[in-house]
Amino acid sequence: MKKNKKLKLIIILSLIFILLLLICVDLYLSNSTFSSSYYTVKSDKIESSFRIVQLSDLHGKEYGENNEKLIAEIEKAKPDLIVTTGDMLDGYSEKTESVSILLKKLSKIAPLYSSCGNHELMHDEKSLSKSKDVYEENGAILLEESFTEIEINGQKIRLGGIYGYCLPEIYYKNNPEHQKVADFIRTYQETELFTVLLCHMPVCFIENGGLDYWDIDLVFSGHAHGGQLRIPFIGGLIAPDQGYFPGKVSGLYFSEDNNKCLVLSRGLGSSENIPRFNNIPELVITDVVPK
């Protein structure tokens, strides 16, 4: 009997050790490495395929010296366009050097366009430097409630950027302060070209009907951090604006007619006190192809 009890204790302790080891390994992977996610988006507005690499929510993190590992992976992907969708800077820090170096190197790989996130706004409030300068002085074209028309790999598109919540207009009733967001999107979407929008905040598109309401072909978003801590078989624990167990925190989300798509990145860093778990940071690579 004593031998059986001792054996059971050894088994239990061994299982606890293995579990703790797996948790430690996952915490390391989820906070020190990144992976690449490849997506394909089809549209009948597209005649010539092109590839977009998206970076989001870096929060000043570095992968190798001067982000050499991240840059190498992006070069390997051979993008036609690179976009960043906010929170590349960390609003809790005044440091900008690593992001500046990264942006400068990215701009030499492919055309680089950016929009801001809430941490850029935080940085501007707390720091002497301006996030706009960090982007524009290092080769990125910053789109904030603005858009441009560019040609990528022979395909002309309209590319726009906005930080705020792109809610359907019913939410802006009797709210003139926010009506300008709707005014911008209404003007931006008036085109026959394929439209791509960089918008840090995803909740308005995936939970408030924005993806169906607005005539935008492809949206790139971040902010949700993949749910930060992902519980096996349940999903993300928490996401900004979406609360606990939000469900929709990463991947592709489509409109009801399946013609419009939102690409939601898990992000590349974290500024939260809660560490990432079961949630490896993500570099997003999207091929836009004819339907």
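The sheet here is an open one of six strands, in the order E6-E7-E8-E9-E15-E14, and its pairing is mixed. At the edges sit strand E6, residues 146–152, and E14, each of which pairs on one side only. From one strand to the next, the twist averages 20 degrees. Keep in mind that this is a predicted model.

Let me stay at the E14 end. E14 and E15 run antiparallel, and four bridges join them. For orientation, Tyr253 stands opposite Leu262 in E15.

Now the loop between those strands. Strand E14 covers 251–254 and strand E15 covers 261–264, with Asn258 in the loop between them. Phi of Asn258 is near 70 degrees, a positive value in a residue that is not glycine. As a reminder, most residues other than glycine have a negative phi.

Asn66 is in the loop that runs between strand E2, 50–55, and helix H2, 68–77. Asn66 counts as partly exposed because its relative accessibility is 26%, and the cut-off for buried is under 20%.

Last item, the surface. Which residues form the nonpolar patch? They are Phe233, Ile234, Tyr244 and Phe245, and together they have about 600 Å² of accessible area. Of these, Tyr244 belongs to strand E13, residues 243–244. Why does Tyr244 count as exposed? Because its relative accessibility is 59%, and exposed means over 50%.

Definitions and conventions:
Residues are numbered from 1 along each chain as its sequence is written. This is a predicted model: local features need pLDDT of at least 70, side-chain atom pairs count only at pLDDT 80 or more; totals for chains, interfaces and linings use all residues. Side-chain values use heavy atoms; hydrogens and water are left out. Patches are made of residues with over 30% relative accessible area and no salt bridge: like charges are joined within 9 Å, nonpolar side chains (Val, Leu, Ile, Met, Phe, Trp, Tyr) within 5 Å. Accessible areas come from the Shrake-Rupley method with a 1.4 Å probe; for residues, only the protein chains shown count as cover. A salt bridge is a side-chain nitrogen of Lys or Arg within 4 Å of a carboxyl oxygen of Asp or Glu. Helices (H or I, at least four residues) and strands (E, at least two) are DSSP runs, numbered from the N terminus. Buried means under 20% relative accessible area, exposed over 50%, partly exposed in between (1.4 Å probe, protein chains only). Two strands pair if DSSP finds at least two bridges between them. Axes are lines fitted to C-alpha atoms, for helices over the stretch in contact, and angles run from 0 to 180 degrees between N-to-C directions.
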